[in-house]
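Please view the sequence and the structure together before reading on.

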Amino acid sequence: MSGNGVLGPLAGPDDPRERAIAELIEEVGLELRVAMHRAGVSQQATARRLGKSQSHVSSALGGSRNMTLRTLAEIAWAAGLTIEFDFTVDPAASQPDEWTD
């Protein structure tokens, strides 16, 4: 990843927080594109249902812009999808003492 993609112009690839953010944005976009493909729903049809341009949907799914939870929910709704997610603890992540107060 370069400093000009999802990471933004100031964040370097060695910044673990920014790298985690970029990876999540990319993963969410990919998962949503796959789910839309499996459901037989196009970006164009999704955009029409939202009253937005196809490029709006494409840029959100492609990770070229930061997808908000609202945008994620709108696109999922327009594509007829429901969202399920799961939080797990990353055993490799350092956990500062202040997390366990």
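A residue is called buried when its relative accessible area is under 20%, exposed when the area is over 50%, and partly exposed in between, using a 1.4 Å probe and protein chains only. By this criterion, 25% of the 101 residues of the protein chain are buried. The model is predicted: local features need pLDDT of at least 70, side-chain atom pairs count only at pLDDT 80 or more, and totals for chains, interfaces and linings use all residues. Residues are numbered from 1 along each chain as its sequence is written, and side-chain values use heavy atoms, with hydrogens and water left out.

Helices (H or I, at least four residues) and strands (E, at least two) are DSSP runs, numbered from the N terminus. The protein chain contains 4 helices and 0 strands, in the order α-α-α-α.

Helix α3 spans residues 54-62, and its buried residues are H56, V57, S59, A60 and L61. The elements in the table are among those that cover these residues.

| Covering helix | Residues |
|---|---|
| α1 | 16-39 |
| α2 | 43-50 |
| α4 | 69-78 |

Just after α3, G63 adopts a positive phi of about 80°.

T46 belongs to helix α2 and is buried, with a relative accessible area of 0%. Leaving aside residues up to four places away in sequence, T46 touches M36, V41, I75, A78 and A79, where contact means heavy atoms within 4.5 Å. Among contacts in the protein chain between residues at least 6 apart in sequence, 44% join residues at least 24 apart.
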